[in-house]
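Look through the sequence and the model below before you start, and keep both at hand while you work through the exercises. Try each task yourself, and then read the solution step by step.

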Amino acid sequence: MLLSEQDQFLSYNGEVLVFQLSKPKHAEEADDKTMNLCVRRMAFNTDTKLFVEKSSGLFSMRANLSEIEMVCCSCTVDSRTGIILPCILMKKKKRNNVKYFLLLLHSSNQFEQSFYFTLDYELKEDIRLFAGPSVLWRHANKLFYISSKTCVVQSAPVQLSSLVWTGEIVGEGTVVLGIRTACLAETEDADVFSVSDRAIWGSEFFGYAIQTQKMLAGTCFMPHAYSRVVSSVYVCKTERWKKQLRISLVAITHKNQLIWFQSGVPKGVCELPYEKPCLVKTAVTSSNDLLFVVSFASGNSCVVQRRDSLQVASKWQKVKCVLVDDFIGSGSEQLLLLFKDDSNTDVLSTFKITDLGEVNYASGINYKHDVPAADGLQENGLLTVRALETRLQAGWTSVRELQQHLGLQKRVILESCRALKDLVEERTHVLPNAKEEGLVSLWDDVENPPHSLSKETSLASNVPEHFTEELWQRVVGDSLVVGVKLTESFYLSLSDVSLSLVMDQDFSSISPIIKCQSKIIKLNKAFSTLTVSSSQIEPPPKKMKLDLDSKSDLRKEFPKRSSRIQLDGAKTVTAVTSLSPLLAFHRVCCVVLLHARKQNHQSDSLQQSKKIAVLCGKILLSLEDISNGRYSVKMLRDNSYCTGSVEDILAVLAVSVRFSFQIVSSECTLTPVSSWLLGEMECTPFKECQDNMFCHKAGNVHGTIFNWTLKNPFEGVLTIFCRNLTVLFQCLHSLTRVLPPSCSVKLLRSGSKAVLTEQLALALEKEMLTLKNSLFLKETKAENSLTQGNVSGKKISNAPLASLLDTEEGVQQFRKELQNEREESVRSMNQTMNGALYQKTALKIAEAQLSSDMSVWRLS
């Protein structure tokens, strides 16, 4: 493709973008008013040392060649995405006005019209493109700009004679640096030097922030004395130090000079080789050298190097364009000089790439024997690519293994869900082979295990026909509470009781198991027993390898503690789950399962309890019932009492957390507590148990249950059942305002110290007995022979030592007997134990240690 004078060049990500205006190839008639804006992406090929076309694109417009024109192009930030994109400003002449429109070029070579505007004059002076994208220009000594956000031409309240720089400054946004006639206001707050400087030269620098519409002092850029000679500026660095703006920049002047300024003070000057400098830009080379590239109106260019001083490093003539970018992919910038060549008008036919160091490419040179630096650079690039490919392959392997693990985990969860559904419907579930699923058994494979897992998870054979008295459900806030009231005789034979909810519908994309928390609640007059099974705070469980019967039951409490609770008569089990996920199905049916261990108190063998899963019934939940308040908790006032059903009370307790506080007053009685409950907290007692009160006060504390028990007029225990800690803190804050200052309030963690100490002593005693019994097991022949050997050894060792050591024969006999004792000791250390016996011993030790650890934690 041939070049013309209107063609525009732009560097972008190491590529050269060539913008050209042309007629379509099919346009043969002169009245055809279609024009194409073509773009060609050219990249430097390090093998052929030439620029080759990578891709191209075009944008069609309705205009004649004489009507359309490219004004300028630049790379600016698209405010919608924050990505830097090439953009080009186009001009279309009409009869009475001129239309300007800005085009953005995307990576797919598609042009996007950002915005357009119409003026009654042509843009000729100081046209700049900046972030937004936005366009800024100067006309009739006024500053105008338009952005893609507003699409309206705006005027800045400043008069200027020249525009020397536009760019970004930290904390100010887009800033314009211009020159205007000096404004010498008497009330202006400025130093004397600045005022006299402007008075002498009659002009001054000024900065104007586009976004904030704020004026900046021009002296932080340069002294006003240079305002009459500076033609262009390039700001290299901006920073703020102690709220002061520090700026480093270079400026070119009409006196053919390049001057380096730091914080408004000139630090160096260099004479330029040509006249009429018009533009300056910078480049950072591989050796971290900062180069200043100066372009002249005559078509010449030069490079000024900044080391000890500013000096001209190189110069060229008949230069069409100078671009700065990383064209060879070395990680640093180079200069691309495009030269004017009348004999060859092809795209990028005559060029030079250089960084004034090792990189030096030029058109028309045979590179069969390239310089060693280029070969080394290419080899380094190849090694870098190989290393990146290796890291990418390793990362892909890790991702693939993670995907396989997640797939296996999903299959295991789905198989568990199928097994649970089969259990609910009383069907026999056949487990898949571990090898087929790609699993490895963590236990020793035994053909006939003594206690099959399938037997443990099967329905209990001796479950009574009517074991539940009632199945109910309530809605408390965003929680669904399901309760099962068990018969007294059935519950007394159980331990570790919990409920689970399983959706009866078949959803292939989600698990049918509903996540819930189970609680065992006993409701009596004093509300004294509230046992939490799975939702209570427990110490971190220890890692233990248990048998098949107990490996999934690490969170259970010790059976003796459960037995104590059973004797108290607790027989209501609740399950609490989040309500909103269930309402997404509009109507859902759930199966209620009771899980427990059926006690066998007569046997002390390994199988002292049996896991059972019992079907309690089904519940139906619909959005219509929730909206009608069918399952809502109703706590009303009736003659200073709270009329709530037992199920309503249990539902509130199930979603609440219990806190007990011991209140002791040494100087006065605790009568203000009762007044506080009945007055400020608006509590009403339940008819059945008047010591327990329901809070009717509006706000977060509504629904809180209080129990106030006086041991004597100066000491009592306040128990609070609240939804969360925020409600607890609000109640305590309100209570402390009515209590006397001498009162002490202490949180009772799990009971009285004396009871907990006694429990710890009993647990430690059982742990010691368990360890003792496990160490003195004598169930094998080796142990029997070891015992006989120990008896005979004791007889010999008990002989008088002096009589054996008097003679040489006695010493030999003593050595022989000592050697026999050593051998017996070694044999005692190497005795074996069968697997079933070891399992039984390990389980007993683990249970005893878990019980003592729990007691220590409660006491601490």
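The exercises below go from the whole chain to single elements and residues.

This is a predicted model, in which local features need pLDDT of at least 70 and side-chain atom pairs count only at pLDDT 80 or more, while totals for chains, interfaces and linings use all residues. Residues are numbered from 1 along each chain as its sequence is written, and side-chain values use heavy atoms, with hydrogens and water left out.

**Exercise 1. Describe the chain as a whole: its secondary structure, its burial, its contacts and its surface.**

Step one is to list the elements: the chain has 15 helices and 45 strands, where helices (H or I, at least four residues) and strands (E, at least two) are DSSP runs numbered from the N terminus. Step two concerns burial: of the 860 residues in the chain, 42% are buried, a word that stands for under 20% relative accessible area, with exposed meaning over 50% and partly exposed in between (1.4 Å probe, protein chains only). Step three turns to contacts, which require heavy atoms within 4.5 Å: when residues at least 6 apart in sequence are considered, 55% of their contacts join residues at least 24 apart. Step four is the surface, where the chain exposes about 48500 Å², 53% of it supplied by carbon and sulfur atoms; the areas come from the Shrake-Rupley method with a 1.4 Å probe, and for residues only the protein chains shown count as cover.

**Exercise 2. Find the largest nonpolar core and the elements that contribute to it.**

Begin with the term: a nonpolar core is a set of buried Ala, Val, Leu, Ile, Met, Phe, Trp, Tyr and Cys residues joined through side-chain atoms within 4.5 Å. The largest one has 30 residues, and those with the most contacts inside it are Leu480, Leu486, Leu494, Val592, Leu594 and Leu621. Next, look for elements that give two or more residues to this core, which are β30 (479–486), β31 (494–503), β35 (572–578), β36 (587–599) and β37 (609–622). Finally, another core of 24 residues lies apart from it, and includes Phe659, Phe706, Cys722 and Val727.

**Exercise 3. Is strand β3 enclosed or open to the outside, and which strands pair with it?**

First count the burial: eleven of the twelve residues of β3 (residues 34–45) are buried, so this strand is largely enclosed by the rest of the structure. Then look at the partners, remembering that two strands pair if DSSP finds at least two bridges between them. Strand β2 (residues 15–22) pairs with β3 in the antiparallel sense over seven bridges, with Val18 opposite Arg40 in β3. Strand β4 (residues 50–62) also runs antiparallel to β3, and twelve bridges join these two, with Ala43 opposite Val52 in β4. Last, examine the connection: β3 and β4 form a hairpin with four residues between them, and Lys49 in the turn has a positive phi of about 60 degrees.

**Exercise 4. Which residues form the aromatic cluster that contains Trp137, and how are the rings of Trp137 and Phe144 arranged?**

The cluster is formed by Tyr100, Phe115, Phe117, Trp137 and Phe144. Rings of Phe, Tyr and Trp (its six-membered ring) pair if their centres lie within 6.5 Å, and planes under 30 degrees apart count as stacked, over 60 as edge-to-face and the rest as tilted. The structure holds 14 aromatic pairs; in one of them, Trp137 and Phe144 lie 6.1 Å centre to centre with 20 degrees between the planes, and are stacked. As for burial, Trp137 is buried at a relative accessible area of 0%, and Phe144 counts as buried at 15%.

**Exercise 5. Where is Asp648, is this residue buried or exposed, and what are its contacts outside its own stretch of sequence?**

Asp648 is in helix α8. Eight of the nine residues of α8 (residues 646–654) are buried, so the helix is largely enclosed by the rest of the structure. Asp648 itself counts as buried, at 6% relative accessibility. With neighbours within four places in sequence left aside, Asp648 is in contact with Arg474, Ser632, Val633, Lys634 and Met635.
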